[in-house]
Amino acid sequence: MSARHAAAGLALLWPELPALTGADWPELRRRLLEHIEAMAAAEDDHERAARAGRLLQLVGGYPAVRDFLVPLYRADASRLAEVPDFAEPTWRDVALSLLRAVGEEGEPPDRARREVAALLGSDADRQRIRDTLVSAGLAAALELDATAFADRAEDLLRERPGTLNGLVAPLLEWADPLPWLRRHPGDVDWLADAWQIAMSSGRGVRLLVTDGAGWEAAITRELAEGTGVLSVVHAARMSEAKRIPRWSWPLRLTVAPVPGAPAPGTEAAPTREPVRERLRRQLLMGAGEVADLVTSVVPSGRWNRTSLLLVPGPEPAQPGGDGRFVEASSVISVSLSLDLRQAGQLLRERGTRHSSALSAVAHPGLSAERWLRVLLGHLALDEPLDTALWRAAQACQAPPPLIVADPRFLDGMRIRPLLAALPPGTPPSGVEGSLARALRSTPGSDVLAVVEETAARLRDATDRARHVPPRFLRADPVDRDGSTPLERITPYRDFHLRVRIAGARHAGPEPERFPTEALPPGAVHRLTVLATELEPVTPRDRAVRQAEIELPGDGDSTAAVFRFSAGPPGADIEIRVVVLCRGRFLQSGVLTGRVGAPEPPLFRTEAVMRAPTEVLDLMRAHDAALVVNRNGAGVSLLAAHADDELQVFPPENLSSSQEALFGALGRMAGSPESVGAYGSPGSAQALIELARCGRGLRKSLFVRRDWENDPLLRRLRDAHSISVFSARPGAVLPLELIYDHPLDPDAPLTLCPHAPSLVDRPGCEGCPERRNPTVVCPFGFWATSKVIERHSRLRGGDPGYALAQSPDPQRHACVLDPVCAAASERADHNDEKAWTEATAALTAEAIGTPNLATDWAGLKDLVHELRNRHMPPGIVLLFPHSGTDSGGYGVLSLGENDTRQVMDGMEFLFTGDGPQPVVLLLGCTTAGADSLLSDASAMLLGDGAAGVVGTLAPVLARHVVPVGVRLLRELRARAAQPGGASLGEALLSARRALIVEGAACVLALIGFGDTDWELHASPGTGVQ
């Protein structure tokens, strides 16, 4: 072994020497100190080496010291030599480390150890000293004498039943033992014996140190080898409880990037890989080997909320490109440095920076890859994070980790709370049994196989939970006190409706419900409730009421109470309730009944637009929200909400306006050759006609309103993003076609010549024709100026199931690769081989090789094959012919005898738990049908698509196929930008780019689903 490594090892061993050398220590210490000081003062390495040799001679005569040093450094010398970049310390570094070790003798833990050694006498071995320190600190924290402590040891150390038939070691407070030792000197001799007897059955304890700031490393070192010690945790409240992200499984894992590291795919300048970059690479490899247990989360962007943040090296993680730090349940520095002085304060600062409940520094041993695999394996067995970190250190022959944590939430960083948080009916069967088998397994059994099987079931359950709301919208008729339920509605009297978000009514018994106080409470969300009275028909100004409620991280929301007036006996009651958060729709439901009936009106949930509620604060806010209703008289009601202001508009002549619009779209789509390039006479005529019709639609929706000066309408006009919910089948308004720029219908109109140069300048800043009412701007349509998020309730939907998936921290990226595509045979038949030319263009472009199918069966096989290769489709491009069959059911066809009924759905496109593809369904009127049996776009959304783009009008294949390929190209271009792009922003940008290229039919495209999905062009940009 190297003399320098041996001398460096002596610095690490210095705190142990009093116990290892016994009565010789005072004289030995004097002689060692003489050589250490001379070594530090030496001017050359030759003299330092000579002094180090004398040091080793002095301690080498003690077998206990020799037995400790040799296995620690000599046995691993050959393995250390194989580690890249491993360098021996310089002689100067060795001298300084010895000097520091001597200077730390005065730390309280060292004084306690020396005092225990003195009380026990020279015959006391090292383990007996350690166990006395552990047990005396526990007795001191409990304020018990030795006899009482021994009597209560059985109860104190009893393992708490964990879920899944596992056992969780108790977390017990440990205090400074010195005052206790001085008060009970006569009990010291047998205290360690009592402790070792209590631990003889294989039990363990987790020690919580509440008073040791500044001495965390020394205290951990002293307690680490105590009998039965499974972990040492230093108590700290580093973050607001509501800001701490909750634990997840599969584990949301983020490996922080190394500042200044070369970009992926570029050559690094250094010939040897730097230590931090090697650590990061090993950690990523370790995560990849247990992919079933983790979900990688990128360390930047809006969704940078993770469970386990690993930071390679001792330096702190850097903020993302947006200046924000990753929010993490736990942050762990994985470092080869053993210098832990002042580490406690640094860990607290990092925990605060990352809103964490636990902050730690851990040595990975000789392989960070193996360390992470072991850590994740223990977490998969329902162990708390603190014990999993210690077990990983033991398995990798590494020093124990240093941990500071908020003790309130330590037990929440396990699998158990995740099962408790799943909605009723979603926990997978067999999970408890399979984990129990793993926990009871004997050495040599295949624990990993059981763990992976369990992880797969939990992953499936988590995926199902994305659809099932843990809390539902409820509305109950109550008395005027706002809480007493009404048994019936009395004619001609007022009644009140209490609205809240609450847990499922008929959730099954939960005998081992995980205590929610052991979980971070989560943020409190402010929600807006809109209640629309549809029956009886009410004057417009009183038809819709609004109120605010607050939804905590757990439990029921506050309640909103609305007052209504009952009509005559037998009169119908119908009240629709919609809940929004920051301009985005969450849930809707309807209360129906009759006045005077013996039973109260019944409320049922109609639609769930967003099932998870714990990450509402991460959603982008929308500037405005529109709700489309129809009352009992058949009158449409359009409720607009922006900046806490609410107005209701009864559209007039809406059918006529829509017919005019669809007619204009149909003429444009039916003769694409006559439209031509942007700026041509045909293009100008088509866009001017659409602008006039779009202005007419605006006037129909917002009757007799001053579009320029009405405050709410001005907000709608200026809004960049709008969410729309159509509460009735068939109420899908073509809002994309509203034209809201000034327009003088009595003057000759021209098309703006400057638009092609303003594609990337929203608002047309600098355009000289910006407010000219005689110039039609292609960006004056809502389709080319606003992000529009649309949800539509369809008859026959499951009220307990979300209409569509919404992004969350664990799954928010859609990678637009690979591409799957299929087209109707009509795309080539008599259509100038449009599809053949388009697929050739797809292949020629640098946007990935498309995977093509010629029929529905082939498409199903293709998707199945890609998923088996772990390459699920990122985007599906479909050009079917749409129509109805003899039974009146909507059908999509790829060939004369190759049809698929819309009601059968396309679940085969969306199997698996990963991010689901975006679907471009570009056929004849594939969106906006008035029934579930006909609306293919809404059906695809319900089947699992991240988003769907459909058409509002009939289109010709030779026109829409090239446009679809160009649309895909534009979406991928936006997705390839640094950080990707949201689905809503990418679709908006693509429309703007295509309309000035002459593809005016993009105005006929309508999107469904959550616009917050992040699009990425390749897997490397969306996940680690």
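**An exposed tyrosine in a loop**

Select Tyr-492, which counts as exposed because its relative accessibility is 61%. The model is a predicted one. Tyr-492 is placed in the loop between strand S12 (471-478) and strand S13 (494-503). Most residues other than glycine have a negative phi.

Move to Thr-925, in the loop between strand S34 (918-921) and helix H27 (936-943). Here again phi is positive in a residue other than glycine, with a value near 50°. How exposed is Thr-925? Its relative accessible area is 38%, so Thr-925 is partly exposed.

**Two cis peptide bonds**

Most peptide bonds are trans. Select Glu-535 and Pro-536, and the bond that joins them is cis, with omega at about -5°. Pro-536 belongs to the loop between strand S14 (525-535) and helix H21 (540-543).

Next, select Asp-817 and Pro-818. A cis peptide bond joins these residues as well, with omega at about 0°. Pro-818 is found in the loop between strand S27 (813-815) and strand S28 (819-823).

**Aromatic pairs**

The count of aromatic pairs comes to five. A pair of aromatic rings is described by the distance of the centres and the angle of the planes.

Begin with Phe-149 and Trp-195. Their ring centres are 6.4 Å apart and their planes lie at 15°, so this pair is stacked; the cut-off for stacking is an angle under 30 degrees. Colour helix H10 (residues 146-156), which holds Phe-149, and helix H12 (residues 188-198), which holds Trp-195; the pair therefore ties together parts that are 46 residues apart in sequence. Phe-149 counts as buried because its relative accessibility is 4%. Trp-195 is also buried, because its relative accessibility is 1%.

Then select Tyr-739 and Phe-781. Are their rings stacked or edge-to-face? The pair is edge-to-face, with 5.2 Å from centre to centre and 70° between the planes. Tyr-739 sits in the loop between strand S23 (721-726) and strand S24 (750-751), while Phe-781 sits in the loop between strand S25 (775-776) and S26, so the pair ties together parts that are 42 residues apart in sequence. Both Tyr-739 and Phe-781 are buried.

**Arginines over rings**

Show Arg-353 together with Phe-325: Arg-353 lies over the face of Phe-325, at 5.5 Å from the ring centre. Repeat this for Arg-992 and Phe-779, where Arg-992 lies over the face of the ring at 3.9 Å from its centre.

**A buried glutamate**

Return to the loop between S23 and S24 and select Glu-736, which is placed there. Is Glu-736 buried or exposed? Glu-736 counts as buried, because its relative accessibility is 1%.

**Cysteines without disulfides**

Select the cysteines. How many disulfides does the structure hold? The structure holds zero disulfides. Cys-752 is in none, and the nearest cysteine sulfur, that of Cys-767, is 3.9 Å away. The relative accessibility of Cys-752 is 3%, so this residue counts as buried. Cys-1001 is buried too, because its relative accessible area is 3%.

**The largest cavity**

A search of the whole structure finds eight cavities of 30 Å³ or more, and the largest cavity holds about 140 Å³ of space. Select Ile-788, Gly-984, Leu-987, Gly-1007 and Thr-1011, which are the closest to the centre of the largest cavity among the 17 residues that line it.

Now colour by element. Two or more lining residues come from each of strand S26 (787-792), strand S35 (947-951), helix H29 (983-995) and strand S37 (1005-1008). Which element gives the most to the lining of the largest cavity? H29 does, with five residues. By residue class, the lining divides into eight nonpolar, five polar and four charged residues.

Conventions
Residues numbered from 1 in each chain as written. Predicted model: local features only at pLDDT ≥ 70, side-chain atom pairs only at ≥ 80, totals over all residues. Heavy atoms only, no water. 1 Å grid on protein atoms, 1.4 Å probe; cavity = no way out; pocket = protein on both sides within 12 Å on 5 of 7 lines; lining within 4 Å. Points joined across faces, edges and corners; volume = space filled by probe spheres on them. Helix = DSSP H or I, 4+ residues; strand = E, 2+ residues; numbered from the N terminus. Nonpolar A, V, L, I, M, F, W, Y, C, P; charged D, E, K, R; others polar. Phe/Tyr/Trp six-rings, centres within 6.5 Å; stacked < 30°, edge-to-face > 60°. Buried < 20%, exposed > 50% of the residue type's maximum accessible area, 1.4 Å probe, protein only. Lys NZ or Arg CZ within 6 Å of the ring centre and 35° of its normal. Disulfide = S-S within 2.5 Å.
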